[in-house]
Amino acid sequence: MPVFTAEEMVTMRRTALIILFLLVATVATVSPALAQPTGANPADVAADFNNDGFADLAVGVPGENGVAGAVNVLYGAGGGLSGTGAQVFFQVGGTPEAGDRFGEALAAGDFNNDGFADLAVGASGENVGSAPDAGAVSVLYGSSGGLTTTGGRLFTQVGSAAETFDQFGFALSAGDFNNDTFTDLAVGAATEAVGSIDFAGAVSVLPGSAAGLTATGGRLFTQVAGTVESGDQFGSALAAGDFNNDNFADLAVGAPGEAVGSAGFAGAVSMLPGSAGGLTATGGRLFTQVGGLPERIDLFGFSLTAGDFNNDNFTDLAAGAPTEDVGTLDAAGAVSGLYGSAGGLTTSGGQLFTQVGGAVEAGDQFGAQLASGDFNNNGFAELAAAAPSEDVGTVAQAGAVSVLQGAGGGLTTTGGRLFTQNSPGVPGTAETFDLFGGLEVIF
């Protein structure tokens, strides 16, 4: 497998994010306070935008209109999702332009605490003044009629100047980091330069308020508990969850380009705790792959999702390493599980999983996309992990999704299942290069 430059890694990530498929856990009803299903596809998110008790679905289409991008919204009803009243949105607070990639990342939360879920939409290719690809985030607010552009706003990077190729809005995650009842928003700028260090990456936080998201009090974070280095791409993936059950949401941040010792692009995940003052670097920790040795080009932290897999009231974290070698099988992929505790995330009891329900093969890229949810309503969150380059029979790169069950001891392969487009009840037929379930790393 080749060694990539930081710029090549950015190109791969951008290419991958254009290839988006639905991997989202929804339920018949949803509370606005729990609006965002943990770990939903960055370009698909379920939430109750009109507060009628039924989950609605926003789907990002970042390649729409010459890659200007769009977001489609389908509303829930007693019979499930419906096209009735469906909406399409383009960038708010700015002019849609080719290459903006509006809709490549989504996050839902009640930013103004009015009982209606709101939607944040990333457009990491947005030009800010003369700075191309500086990136921006649009916010659409919920109402009894659903999402609306009324009061919508456009945000650029806070805590630092918007610069060329920052890609602010590359990743999004919503959580109440200061426990003030207003949902806040974390925004990744995976290719932000930190001083003279190119592609180090950063995460901005926009606080929620009675008036909605605001730049007032906004903060910028770079990697914690480790050295900021060129090509780390801190902020490539985000997942919010209360890992220590103290009622403050915490934030996990992927840096898939992080070098671990001499292993370039092994990857790492930083954890920023929540507090009364919001997210803080105090007590922040850095994690590398658990259950296996960090190796060159594992890309640990490329994908993240949070959920309570063992139902102990502490949120847990799953982190994908889609180009992890499994034995002699290059880029077969793996997923690590880190568990929450009173002290926050811990490697104690950490696990490493490879594909379940099917043969592990070179190039599968298991863990390239992750989602969690209580799919069987038994109180334990399950984990869905995509292997977008999985071959289905003789059909190359058709893609597959593995589901690992939650249990008292954490995630388990017992009862695990593998789904493809040929599985009973799944619409469609497995075809070459479908990449069912997620996105792939191009290498």
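Me: How many helices and strands does the chain have?
Reply: This is a predicted model, where local features need pLDDT of at least 70, side-chain atom pairs count only at pLDDT 80 or more, and totals for chains, interfaces and linings use all residues. Residues are numbered from 1 along each chain as its sequence is written, and side-chain values use heavy atoms, with hydrogens and water left out. Helices (H or I, at least four residues) and strands (E, at least two) are DSSP runs, numbered from the N terminus. The tally for the chain is 2 helices and 24 strands.

Me: What share of the 443 residues in the chain is buried?
Reply: Buried means under 20% relative accessible area, with a 1.4 Å probe and protein chains only. Of the 443 residues in the chain, the buried share is 57%.

Me: Is Gly201 buried or exposed, and at what relative accessibility?
Reply: Gly201 sits in the loop between strand E10 (184-189) and strand E11 (202-206). Leaving out residues up to four places away in sequence, Gly201 touches several residues (contact means heavy atoms within 4.5 Å), including Ala189, Thr222 and Phe234. Because its relative accessibility is 1%, Gly201 counts as buried.

Me: Which residues touch the most other members of the largest nonpolar core?
Reply: A nonpolar core is a set of buried Ala, Val, Leu, Ile, Met, Phe, Trp, Tyr and Cys residues joined through side-chain atoms within 4.5 Å. The largest one has 18 residues, and those touching the most other members are Phe49, Ala58, Val71, Val73, Leu119 and Leu147.

Methods:
Buried means under 20% relative accessible area, exposed over 50%, partly exposed in between (1.4 Å probe, protein chains only).
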